[in-house]
Amino acid sequence: MPELPEVEALAEFLREHAVGHAVAGVDVVAFQALKTVDPPVTALGGLTVTGAGRHGKFLDLDCDGLHLVTHLARGGWLRWRDDLTGARPARPKALAVRIRLTPGEDGRAPGFELTEAGTQKRLAVHVVRNPDEVPGIASLGPDPLADDFTVETLASIVGGSRTQIKGLLRDQKVIAGIGNAYSDEVLHVARMSPFKIAATLTDDQVADLHTAIVTTLRDAVGRARGLAAKDLKSEKKSGLRVHGRTGQACPVCGDTIREVSFADSSLQYCPTCQTGGKPLADRRLSRLLK
Ligand SMILES: [Zn+2]
């Protein structure tokens with residue numbers, strides 16, 4: 001799933017490549033992806049793309065004051081096409097929405113396709129006059145890359161929260177943009193157990209966690225910056241230290257990275273770096289061993 005760094009990079013990519021073009025048309029192929037009816041998606045036709053930005057994990061294409069807001073969800077992706085003239089979809093079965101732009105000076109008519117792999121169809125596209133009209137945006141917590149996301153901001157978030165820190169970091173209403181992958185990474189950098197209860201963090205641990213959040217996300221944005229949309233996924237994978245690396249060696253201490261599985265996701269961590277060398281209970285695994 002694309003998280004803050006990838007969506008930030010996609011927004012930058014669109015600022016560079018889409019801004020200045022007008023929208024020639026929007027083809028909605030997967031109707032369940034379109035979450036709004038007013039204004040209609042056809043209202044985007046003829047408008048000039050004036051900007052692209054990010055709200056948490058939401059991608060926001062500003063078309064002269066009308067916003068095409070996309071949440072890529074778990075299996076969604078954006079595929080940029082330099083020339084859509086007569087082009088067949090790159091992945092017809094996964095195609096959800098296609099945005100066609102007017103030709104540039106080179107005569108090519110670019111655009112992009114929003115695709116979604118898998119059977120869970122969660123990709124969501126909204127056409128709104130104000131991004132805050134999207135419920136998931138209106139309820140977002142502070143952005144961890146904003147200047148006002150300080151140690152004090154984080155201290156007020158974790159203080160009094162009886163939630164496990166992993167869950168807290170992933171909660172979009174608490175902090176915007178961090179998902180399953182980067183919460184694993186942040187907690188590895190902060191040398192903290194994912195099951196630690198937020199309110200039990202000391203002042204020093206809050207400060208460490210703040211540094212870990214900001215540096216991890218900044219580094220990831222830095223690596224993703226300037227990459228073509230199609231290269232972002234592999235860059236994300238190769239840049240991760242523990243997430244998705246069960247059984248591999250921790251790049252810091254060499255211990256074996258372990259995982260805890262849940263119904264529809266799993267987390268990865270390094271016992272030596274994060275839990276005093278003690279493996280966390282994996283309910284699925286213990287059930288299998290019974
Ligand atoms: Zn380690």
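Modeller: In this predicted model, F13, W80 and F112 form one aromatic cluster. Residues are numbered from 1 along each chain as its sequence is written. Local features need pLDDT of at least 70, side-chain atom pairs count only at pLDDT 80 or more, totals for chains, interfaces and linings use all residues, and side-chain values use heavy atoms, with hydrogens and water left out.

Biologist: What makes F13 and W80 an aromatic pair that is edge-to-face?

Modeller: Rings of Phe, Tyr and Trp (its six-membered ring) pair if their centres lie within 6.5 Å, and planes under 30 degrees apart count as stacked, over 60 as edge-to-face and the rest as tilted. For F13 and W80 the values are 5.7 Å centre to centre and 75° between the planes, so the pair is edge-to-face.

Biologist: Why is the pair of W80 and F112 called stacked?

Modeller: Their centres are 6.4 Å apart, within the 6.5 Å limit, and the angle of 20° between the planes is under 30 degrees, so this pair counts as stacked.

Biologist: Why is C270 called buried, and what is C253 called?

Modeller: Buried means under 20% relative accessible area, exposed over 50%, and partly exposed in between (1.4 Å probe, protein chains only). C270 has 0% and is therefore buried, whereas C253, at 35%, falls in between and is therefore partly exposed.

Biologist: How many disulfides does a search of the whole structure find?

Modeller: The search finds zero disulfides, a disulfide being a pair of cysteine sulfur atoms within 2.5 Å.
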